[in-house]
Amino acid sequence: MIEVTGLTVRFGGVLPIDGVDLTFASGTNGLIGPNGAGKTTFFNVLSGFVRPETGSVRAFGDDLLSIVPFRRARWGLRRTFQTEQAITHMTVYENVLVALENSGGRGRRQNRQRAIDAVVFAGLAEQINDRVGSLGAGERRRVELARAVVGNPRLVLLDEPAAGLPDEETAALVHLIRRIPDEIGALVILVDHDMSLVSASCETTAVLDFGRLIASGVTDEVLHDEHVIRAYLGTEDVA
Amino acid sequence: MLDEEQAVHDENSGARETAAVDDTFATLRQIVTAAVFVLVVLFVLPAVLDYNTFWIRVATGAVIYSTVVLGLGLLYGRVGMVSLYQFILVAMGAWVALRLHFATSWPFPVILLLAGLITGIVGTLIGLPALRLSGLHLALITLMAAGGLTVILTRWQFPNGGGGFYGRAQVAGVASLLPRPSIALGDLAYYRYCIVVTVLLFLLVILHVRGKPGRAWAALRQSQSTAIATGVNTTLYRMWAFALASFATGVAGALLAAAAGGVSSTQFPVQNNITLLAVTLMGGVYSIWGAVVGAFLLRVFPALLDDWGIGTEWLTVLFGIGVIQVLLTAPGGLVEQVPKDLANLGRKIGGLFSRSSAPSPDAAE
């Protein structure tokens, strides 16, 4: 359970997040909104890259914002990035291992097995020894995903995980994302522009517009909400 | 959709058995190559040089400086930090070693180790304020630190057995020379001694690069946010890299203090810190072998130019061209470029022959 209360972020005279109260109970949750709505800033607050002006984030009973940023991985927070950030100079396995061993991994043998499990989960078993620099865009996205789920984290933030991917790879990715809550045991928050991705993978969805929360609830209802359609979706047919 | 999910699931359960990690420390080929190389420089090279004292001394310098290049390559290539005071840290290592020797007369290996540790600590402390900086700012700060340390060195001079903190006797002609260990008194023996110490330092660095620190550094090099998101303690690992590079550099300084002629404060001008970066880049920062090539460029190449009667002032020009060439066409340095070019050349020559005998569409590729 993630409870965000009165969250405000200020960049000079701009408020990318303006008094947001938001709760994510469990499962996979979407966070959508037009460009500049504050979605990535919201993730950056949770990751510790941006310090909010006011507000609090309680995550599974802990005050998340009081944890030193790099220690949040050990606490159980993982994320992917809008511009994919798989480490190009390492193999797929090493990419996953680095997240595990710096976030409270255990013995060498156990780390090894857990890293392999995460790589297999992400469907990269055949590429496990490949250098990430030699992989395609879709595979790199999966490397990031494997890195985000290794070691059973509690909260996984996915920032446009399917950006720039062809349809069939997106479909496979949706399938993977939907398996995270049950198989990894993590709460997932997914930021994306792709409505079909959000409606296919998220049980609940929250909508930000100019830093304010304008709707939240069951995904299907939110995507058909008049305010949401007007603010974000325009006249585009959602269904 | 269901079929699709089933297909993906099947694929995964099949994959579970095939996922075999290749995380061996080094391949047999790498070990054999390294071992053969070390044996060649230990025993064959001196013979090739006809046991000529001058060239043995030049080679000793190259061996010693290879760890310095290795340290800078580690900082720049693995962690993404430009440090421009590594060269003056060599002087610091030499100074500490001489000071310790004249104060205590401890055995040579102990002096080496302590010189490395003290240089490691001081080098890291100086780098501490710079840890929040990166890129050009870090380069500038470290270059200024190098300037400051050079001023201190010029003022203090290297200890030569005198009293007081500076250990400096104001007598002309007394060299600041660290006595060699009894097993390596001659130039050839000391050359081999330096190789053994250097191999140990290389192993220490390789252990780091291939282990947990190396992976954390790779995350840091990718980006600060990647490192934090994967739980890497960015400050700790930056300091660690500085400490390791400075340690290796300090040991190199101590070795240099016992090399022929000892050390003098005029040997460490500030601009050499930039030359060091140039040869490090030219050698190649992503490979351990780059340090060997870089050290060759730094110590042997100038001696060769001199031997051929070409003025060493051409060195700056040649290094300038070399750096531009590497930055434009081979970010991995000569150590990556030369084998690739040789392979290409081989393929072209091979293609020429195969085309003349049996023209095939594949040969055109």
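Buried area is the accessible area that two parts lose on being put together, summed over both. In this predicted model, chain B and chain A bury about 3,000 Å² between them, with 57% of it on carbon and sulfur atoms. Within chain B, the residues that lose the most area to chain A are Val21(B), Arg215(B) and Thr230(B), which together make up 21% of what that side buries. The contact draws 36 residues from chain A and 29 residues from chain B.

Chain A contains an open sheet of four strands in the order β2-β1-β4-β5, and the pairing is antiparallel. Strands β2 and β5 (62–63) of chain A stand at the edges with a single partner strand each, so one side of each has no neighbour in the sheet. Strand β1 (residues 2–11) of chain A pairs with strand β2 (residues 14–24) of chain A in the antiparallel sense over six bridges. Helix α1 (residues 39–47) of chain A lies across β1, β2 and β4 (54–59) of chain A, and runs at about 110 degrees to β1(A).

Chain A also contains an open sheet of six strands, ordered β6-β7-β8-β3-β9-β10, in which the pairing is mixed. Its edge strands are β6 and β10 (212–218) of chain A, each of which pairs on one side only. On average, neighbouring strands of this sheet are turned by 15 degrees against each other, direction ignored. Strands β6(A) and β7(A) run parallel and are joined by three bridges; here Arg79(A) stands opposite Leu157(A) in β7(A). Helix α5 (residues 137–149) of chain A packs on the sheet and touches β6 and β7 of chain A. The direction of this helix makes about 180 degrees with that of β6(A).

Strand β8 (residues 187–191) of chain A pairs with strands of this sheet on two sides. With strand β3 (residues 28–32) of chain A, β8(A) pairs in the parallel sense over four bridges. Ile189(A) in β8(A) has Leu157(A) opposite, and Asn29(A) also stands opposite Ile189(A). In a regular strand, side chains alternate between the two faces of the sheet. Both faces of β8(A) are covered: Leu187(A), Ile189(A) and Val191(A) are buried on one side, and Val188(A) and Leu190(A) are buried on the other. Five of the five residues of β8(A) are buried, so this strand is largely enclosed by the rest of the structure.

Thr91(A) is placed in the loop between β6 (77–79) and α3 (92–101) of chain A. Because a residue under 20% relative accessible area is called buried, Thr91(A) counts as buried at 16% relative accessibility. Apart from residues up to four places away in sequence, Thr91(A) touches Ile128(A), Asn129(A), Asp130(A), Arg131(A) and Val132(A).

In chain B, helix α6 (residues 135–156) has 22 residues. From its first C-alpha to its last, α6(B) reaches 32 Å, close to the 32 Å expected at 1.5 Å a residue. The buried residues of α6(B) are Leu138(B), Ala139(B), Thr142(B), Ala145(B), Ala146(B), Leu149(B), Thr150(B) and Leu153(B). They cover an arc of only 145 degrees around the axis, which puts them on the same side of α6(B). The face turned away from this buried side carries the exposed residues Leu136(B), His137(B), Met144(B), Val151(B) and Arg155(B). The cover over the buried residues of α6(B) includes α4 (86–104), α5 (108–127) and α11 (271–283) of chain B. After α6(B) comes Gln157(B), with a positive phi near 60 degrees.

Met282(B) is located in helix α11 of chain B and counts as buried at 5% relative accessibility. With neighbours within four places in sequence left aside, Met282(B) is in contact with Leu297(B), Phe319(B), Gly322(B), Val323(B), Val326(B), Gly333(B) and Leu334(B). Lys348(B) lies 66 residues from Met282(B) in sequence and 25 Å from Met282(B) in space, C-alpha to C-alpha.

How values were computed:
Residues are numbered from 1 along each chain as its sequence is written. Chains are lettered from A and ligands numbered from 1 in the order in which they are written. This is a predicted model: local features need pLDDT of at least 70, side-chain atom pairs count only at pLDDT 80 or more; totals for chains, interfaces and linings use all residues. Side-chain values use heavy atoms; hydrogens and water are left out. Two strands pair if DSSP finds at least two bridges between them. Contact means heavy atoms within 4.5 Å. Axes are lines fitted to C-alpha atoms, for helices over the stretch in contact, and angles run from 0 to 180 degrees between N-to-C directions. The expected span of a helix is 1.5 Å times one less than its number of residues. Buried means under 20% relative accessible area, exposed over 50%, partly exposed in between (1.4 Å probe, protein chains only). The arc is that of the directions from the helix axis to the C-beta atoms. Buried area is the accessible area (1.4 Å probe) that two parts lose on being put together, summed over both.
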